[in-house]
Each structure stands twice: as structure tokens, then as C-alpha cells.
Amino acid sequence: MARTTAELPKVCIIGAGCSGITAAKALYEHGFDFDCYEKSDRVGGNWVFGNKNGMSSAYRRLFINTSRERMQYSDFPMPKHYPTFPHHSQVAEYFDAYVDHFGFRSRIQFETGVRRAEQVSDGTWVITLDDGRTSRYDALIVANGHHWNPRYPEPPFPGEFQGLTLHSHHYIDNDIFRDKNVVILGMGNSAMDIACESSEVAKQTFLAARRGAYIIPKYIFGKPLDQIVTTAKIPWSVRQRMFEWTLRLTVGRMEDYGLPKPDHRFGEAHPTISGRILDRITHGVITPKPNIAELLGSQVRFTDGSIEDVDVIVYCTGYKVTFPFFDEDFISAPDNDLPLFRRVFKPDIPNVFFIGLLQPLGAIMPLAEAQGQWVASYLKGEYALPSRADMEADMERERARMFARYVKSKRHTMQVDFDDYLADLDKERRRGEARARKRGQALPIPRQVP
């Protein structure tokens with residue numbers, strides 16, 4: 001039975017980045033009354049270089065490390081004239097075009113931050129904006145991103161450093177490295193990019209690693225790596241062996257480049273993708289180092305005992321998952337860990353949903369798109385959740401598999417495999433649609449807000 005907008009719950013979306021706009025599109029297409037609040041003056045979130053809200057981690061020469069076809073939304077392909085791995089400006093333009101193509105820009109309130117989100121006694125949400133205005137909603141979608149609040153080494157390294165220190169979040173371009181001795185700490189994607197950029201102008205660049213990682217080129221056998229073996233029908237253990245064999249054949253061992261040997265198998269930590277770093281190492285313009293042991297004023301001592309003169313340190317040490325609009329004792333992610341049913345639903349709060357709060361082996365955009373459609377289907381009564389006990393059992397199984405597979409780290413608290421997640425979500429939606437038909441026509445969250 002078709003429902004009027006007046007019957008559907010009124011929804012608030014926090015954030016209009018690459019995840020929030022998928023939720024907004026889904027609600028718009030399904031006829032919901034909703035507001036989307038965005039602190040910046042444009043959509044795109046992390047992909048907007050120099051974002052007015054100060055939350056973007058994009059730097060001037062950033063290119064994506066997932067291929068165009070694997071990053072695009074299912075019903076809005078990226079332009080064919082884009083390169084296989086587009087520049088951040090092209091990605092931001094794509095998000096703008098997506099919003100305009102589907103016609104929901106007017107539903108986004110720009111330069112409007114959410115100061116507080118509070119659930120009141122009747123279960124509805126009171127949203128307080130930065131300018132003091134308040135509004136009430138029946139449901140809340142959180143899409144505020146998780147790559148904007150920098151995390152530094154914990155605990156801090158002993159000693160003091162007299163040079164320039166910054167987190168990768170604040171990095172813009174390599175002018176700050178010219179003719180300097182630079183230490184880049186980290187083995188993730190940002191560390192590889194920034195180390196390569198530093199090596200172009202610095203006197204010397206040191207890449208310090210706290211642990212080993214597998215570095216994967218963007219292309220293998222003439223194809224983008226993320227377009228090889230992209231089916232969930234092949235068991236992960238088989239795919240893992242295939243990737244290990246392929247990397248050994250095409251790249252070799254990490255220790256052959258002077259990098260630390262990974263203490264895990266491929267796929268047991270978030271992979272690092274770079275088509276340049278190994279080349280720069282073999283040409284001697286980047287020198288691998290172990291972890292920092294001590295800061296010595298204008299020098300750095302590493303755990304192998306070596307000491308180097310250093311002018312700049314860049315910490316590529318990840319981010320904190322935070323929700324500044326929630327009371328910390330209400331909803332928070334200590335050590336970056338917030339258990340959710342399929343990374344979206346919080347079983348004890350049936351009208352709050354998280355979009356894009358996951359770390360895929362692949363691009364986040366298609367997964368956020370699927371999540372947004374899932375939430376819209378639920379709010380419209382076309383999908384019904386399992387029982388709370390079944391959801392919590394599912395969460396325990398998922399978390400047990402994740403923690404057993406991945407290296408123990410605050411980086412690995414919400415990992416998913418791209419194709420497996422989409423396939424499993426499709427199955428769960430079909431099961432939930434059958435539950436909804438059996439249950440009848442009642443909305444899971446009836447409209448209470450006038």
C-alpha cells in the first residue's frame with residue numbers, strides 16, 4: 001500500500017559528504033520529509049579540497065586509490081573522460097553533479113552544523129543547530145564521516161622536537177618539505193602519497209614504519225587491482241591465496257625493498273595502495289626506517305638505534321571516530337569501536353542509523369549507497385529487522401570474524417570486504433522484506449513529529 005509523506009517519519013541527516021548524499025537521495029526518491037544539515041558550503045565532505053568546514057583531509061595533489069568503476073554510484077556512472085584514478089577535484093565535481101542530477105539540493109541546508117542531537121522521552125530527536133535553532137525528528141541518520149579528527153601516536157614519543165610537526169590531515173602540498181629532512185610516520189595510503197611528494201623536493205625523506213604492510217600497485221596485469229577477482233562467490237581464503245601469489249610474482253617481498261616484513265598475511269590489515277612508493281625507494285630518495293624511539297630536539301632516534309637530523313615530522317597515524325553532537329555516555333566509539341548490525345543499525349536505539357561508518361577493502365561510496373536505500377526501505381516499512389537477540393548474535397559473529405582476521409589495531413574495528421558486504425546486505429534485505437510482508441503494514445517508526 002502506497003503511503004503519503006504525512007504518514008512517513010520525518011528524518012534528519014547529519015552530513016552531506018559522499019555517504020550523506022546517498023541517504024538524502026534515497027529518502028527523496030521515497031517521498032520522505034527530511035532535512036540534511038551540512039557544515040560546509042558544498043557537498044562532498046572529505047573530497048572537497050580546502051573544505052570550508054575544515055574537516056577535509058584532501059591535499060592538493062590527491063588522487064583516489066580505488067578505480068573509477070568501483071567508486072561510482074550504481075545509477076550514476078562517473079564520466080568516461082575521467083582517468084581510471086581521478087583527481088580529488090573531479091571526484092568532488094562528481095558528487096555535485098549527482099546531487100543536481102537527482103534534484104535534491106534544496107533539501108540540504110548548507111553552512112549549518114549540528115551542535116547537539118538528543119533523544120527525548122517520547123523517542124523523538126531534538127536537533128540543536130550551531131545557530132541555536134532546534135527542530136524535532138522521528139529518525140536520525142548519522143553520516144558525519146570518520147576521517148576528520150586526527151589521532152596522534154599513543155602514547156606520545158618521549159623527548160621534544162624543535163622542527164615542524166603536523167598530522168597528515170593538515171597536509172596541503174610539498175612546499176613545506178623543500179630542502180628539508182623529513183620523517184613520514186605510517187604505512188597507510190596517506191603516508192605513501194605524502195612520502196612520494198616529499199621525495200620530489202626534500203633533501204631526504206625517511207619513511208618510518210610502526211609495523212610492516214603489503215604495498216599494492218594500482219595496476220596488475222594491465223588492469224586496476226580492485227577489478228581483479230571481484231566476486232563474493234569465491235571464498236575469502238581462496239582469494240587471499242590468489243592475491244598473495246599475484247603480489248609475490250609482480251611486486252616481490254616487502255623486505256626486498258628495505259621495508260619491514262608484514263607480521264600478518266595479506267588481507268589481515270587494511271592494504272596500502274601505491275603505484276609510486278617502491279620506485280622512489282629503489283631510487284634512494286626515500287629511506288625506510290623502523291618506528292620512532294625518541295625525539296632529540298633537531299634529531300630523531302629510531303628503534304634500530306640510528307639517529308637522523310630531521311626538520312619535519314608528518315604523523316600519518318589515522319583518525320578518531322567521534323560524534324561531537326552526542327553525549328559521550330549516550331553514543332560514542334571508544335577506541336574507534338561502535339558495534340552495529342551490519343554497520344548501520346544500533347539494536348537498542350531503533351531510530352538512529354549510521355551511513356558510511358565502515359572501512360571497506362575498496363571504495364565506500366557504493367556501500368553507503370546500498371545502506372541509504374536499506375534505511376529508506378526500513379523506514380517505509382518495506383523491510384523488517386530481525387529480533388534484537390538475532391541482531392546481537394549476528395553482530396557477535398561478525399565482530400568475532402573481524403577481530404580474528406585483522407591485526408589488533410584501532411584501525412581495524414569496522415572492516416568489511418566490498419563485494420562480500422554488498423552480497424550479504426542484498427540477502428539480508430530479501431529476508432527482511434519477507435519479514436515485513438509477514439508482519440503487515442505497520443510502520444516501524446510511525447510519524448510523531450507534527
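This is a predicted model: local features need pLDDT of at least 70, side-chain atom pairs count only at pLDDT 80 or more; totals for chains, interfaces and linings use all residues.

1. The structure has 1 cavity of 30 Å³ or more. The volume of the largest cavity comes out at about 30 Å³. Which residues line the largest cavity? They are Phe-63, Asn-65, Asn-189, Asp-193, Lys-218 and Ile-273. By class, that lining splits into 2 nonpolar, 2 polar and 2 charged residues.

2. Next, have a look at the second largest pocket, which holds about 480 Å³ of space. Its lining is made up of 16 residues, and those nearest the centre are Glu-398, Arg-401, Val-416, Asp-420 and Asp-424. Which elements each supply at least two residues of this lining? The answer is α8 (388–405), β24 (415–417) and α9 (418–439). Helix α8 gives the largest share, with 6 residues.

3. The crossing of α7 past α9 is left-handed. On the α7 side, the contact uses Pro-366, Leu-367, Ala-370, Gln-371, Gln-373, Trp-374 and Ser-377. Facing them from α9 are Phe-418, Tyr-421, Leu-422, Leu-425, Glu-428 and Arg-429. Sorted by class, the contact of α7 with α9 has 8 nonpolar, 3 polar and 2 charged residues.

4. Left-handed or right-handed: how does α1 pass α7? The crossing is right-handed. From α1, the residues in contact are Thr-22, Ala-23, Lys-25, Ala-26, Leu-27 and Glu-29. From α7 come Ala-368, Glu-369, Gly-372, Gln-373, Ala-376 and Leu-379. The contact of α1 with α7 divides into 6 nonpolar, 3 polar and 3 charged residues. If you are clicking through side chains, note that Gln-373 is listed in the contact with α1 and also in the contact with α9.

5. Stay with α1 for its pairing with α3 (residues 88–102). Here the axes come within 11 Å and cross at roughly 5°. That angle makes α1 roughly parallel to α3. Ile-21, Thr-22, Lys-25, Tyr-28 and Glu-29 of α1 make the contact with Phe-95, Tyr-98, Val-99 and Phe-102 of α3. By class, the contact of α1 with α3 contains 6 nonpolar, 1 polar and 2 charged residues.

6. Cis or trans: what is the peptide bond from Glu-154 to Pro-155? That bond is cis, with omega near -5°. Pro-155 is in the loop that runs between β7 (139–142) and β8 (159–161).

7. The other backbone spot is Glu-111, which has a positive phi of about 50° although it is not a glycine. You'll find Glu-111 in the loop between β3 (108–109) and β4 (114–119).

Methods. Residues are numbered from 1 along each chain as its sequence is written. Side-chain values use heavy atoms; hydrogens and water are left out. A crossing is left-handed if the near helix is turned anticlockwise from the far one by less than a right angle, and right-handed if clockwise. Helices (H or I, at least four residues) and strands (E, at least two) are DSSP runs, numbered from the N terminus. Contact means heavy atoms within 4.5 Å. Ala, Val, Leu, Ile, Met, Phe, Trp, Tyr, Cys and Pro count as nonpolar, Asp, Glu, Lys and Arg as charged, and the others, Gly among them, as polar. Axes are lines fitted to C-alpha atoms, for helices over the stretch in contact, and angles run from 0 to 180 degrees between N-to-C directions. Angles under 35 degrees count as roughly parallel, over 145 as roughly antiparallel, 65 to 115 as roughly perpendicular and the rest as oblique. On a 1 Å grid over the protein atoms alone, a cavity is a set of points where a 1.4 Å probe fits but cannot get out, and a pocket is an open set with protein on both sides within 12 Å along at least five of seven lines; lining residues have an atom within 4 Å of a point. Grid points are joined across faces, edges and corners, and a volume is the space filled by probe spheres set on the points.
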